[in-house]
Amino acid sequence: MSIDGHKILIANRGEIAVRIMEACSDLGLPFAALYTEEDSQSGHMDVARRLGGEKSLYRIHNYLDAGDILSVADEAGATAIHPGYGFFSENYRFARRVVQRDRPMTFIGPSWEVIRDLGDKINTKRIARALGVPTVPGSDRAIYDELEAEAIAESLFEFQSKMGIKRPVVLVKASAGGGGMGIDECEDMARFRQTYRRIRNYSLRTFNDEGVLIEQRVFNFNHLEVQIVSDRSGTNPVHFGTRNCSVQSPGLQKRIEVAPGFWPQGLSYTFDARKLMDDITRYSLSIAKEIKYDNVGTWEWIVTPNGEPFLMEVNTRIQVENGVSACISSVRGDRDVNLIREQIRIGLGDPLGYTQDDVSFDGVGIEYRLIAEDTESGFAPWVGKIEELKWPANDWVTMHTHVPTDRTYQIPTEYDPNLALAIIWGKDLEEAKARGLKFLNELRLNGSDSAGGAMKSNIPFLIAKTANLLEF
């Protein structure tokens, strides 16, 4: 199937919108770009004008207004919608609406049924367990019976004791909750019944559903991901390696990602790290094949200090950190791998065109998320104006940013203060870390707030964390 004749509506903003525009340009596809009043000075508008002309830009009120977005799609004559990440990217109802409306379009992402089925964490756990894929110990369905809940909790405390955990903890979660709502933890059976009843009652009040999940609380772990790509046939998924996303803010927001997920060539682990990475890629591919996954996606894992992996969830979208996997990958020896470009191509119906044997890996990639935040005050967002963003050009660094470099830029308070992504490549971990530190130390990122105070960013935090990347 040819992708010719398509036009992509980019239903997002900032850095990811820029990267989608560039991928469309590479593929020779016209696009329509969106902006809001708050984003009227964003550099993603500059890129839209350069690659698509002034008429490629459409103003909307809100990136979460589905009606507005679809209206623009019709006005622009778009045949497909790319949601980027966040916003509507994992909303199966929006994806279904895109493909089932009177003027149907293609949703650049997995089919809405896949988004629905894997967006349900209980369902994902059930699929995984049926395939023998390890998941976080605990219930794989909502529990409504108190005696059954107690039996599960007792088994989890016993399991953790056998693992040598000195202070076992069980999570009690409202099964209908989300975003951290309706979660508590307890450290012994004496408190469990009281905690269970409280969460059950909270869930009934808040969600009209008294179902409760009981899971093991895992404290000390590394967060690994497996990048999967599969075409619309859903029969031939390949992986683009692993990455480690363990450097996070206190709010569990990622700040540094490294590919591959471990580095056994130069670091010592208490377990067979190479086998661990092979295992989680094999497990991830088995689920992708079972559910006929049909676009890009990320399988998220936690790994305990003794090398036990547990599947956490599946993200049915392109992720911020896709570029760090691409930078260490080749397809039939071609280093020009762009997973957003692949996502669009296969999303529009092209066959994948290669197998796992055609994919190879070389070196280490580090992605730094450059953010206006005060890491010494709880990672609070910093509000102000960017007056300078400059970095030395090197063939081992790629910068993705919507911050204009030719004028000042007021950070919109309506959105997260993410400024740029820097992707560093090195032939091994030591070279990648050395280059990363060189980049961070030479980067010029300056600004001021309304009171004239100097800008605060997470660069000192990134520098400090670089020393111990991939150690466990």
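**Ground rules.** I number residues from 1 along each chain as its sequence is written, and side-chain values use heavy atoms, without hydrogens and water. The model is predicted, so local features need pLDDT of at least 70 and side-chain atom pairs pLDDT 80 or more, while totals for chains, interfaces and linings use all residues. Helices (H or I, at least four residues) and strands (E, at least two) are DSSP runs, numbered from the N terminus.

**Entry: helix α5.** I looked up residues 112–119. Which residues of α5 are buried? I found Trp 112, Val 114, Ile 115 and Leu 118. Buried means under 20% relative accessible area, exposed over 50%, partly exposed in between (1.4 Å probe, protein chains only). The four cover an arc of only 160° around the axis, so they lie on the same side of α5. That arc is taken from the directions from the helix axis to the C-beta atoms. The buried residues of α5 pack against helices α4 (92–100), α6 (121–130) and α9 (273–291). They also pack against strands β5 (106–107) and β13 (309–315). Contact here means heavy atoms within 4.5 Å.

**Entry: Leu 276.** I then picked a residue in α9, Leu 276. I listed what Leu 276 touches, leaving out residues up to four places away in sequence: Leu 224, Phe 262, Phe 271, Val 303, Gly 307 and Pro 309. I also checked Gly 261, which is 15 residues from Leu 276 in sequence and 9.8 Å away in space, C-alpha to C-alpha.

**Entry: α7 and α8.** Helix α7 (146–162) packs on helix α8 (189–207) at about 130°, with the axes 10 Å apart. Axes are lines fitted to C-alpha atoms, for helices over the stretch in contact, and angles run from 0 to 180 degrees between N-to-C directions. The two helices are therefore oblique to each other. Angles under 35 degrees count as roughly parallel, over 145 as roughly antiparallel, 65 to 115 as roughly perpendicular and the rest as oblique. I noted a right-handed crossing. Right-handed means the near helix is turned clockwise from the far one by less than a right angle; anticlockwise is left-handed.

**Entry: α1 and α11.** The axes of α1 (14–27) and α11 (339–347) come within 9 Å and cross at roughly 60°. This crossing is right-handed. From α1, the contact includes Ile 16 and Leu 27; from α11, Ile 340 and Arg 345 are among the partners.
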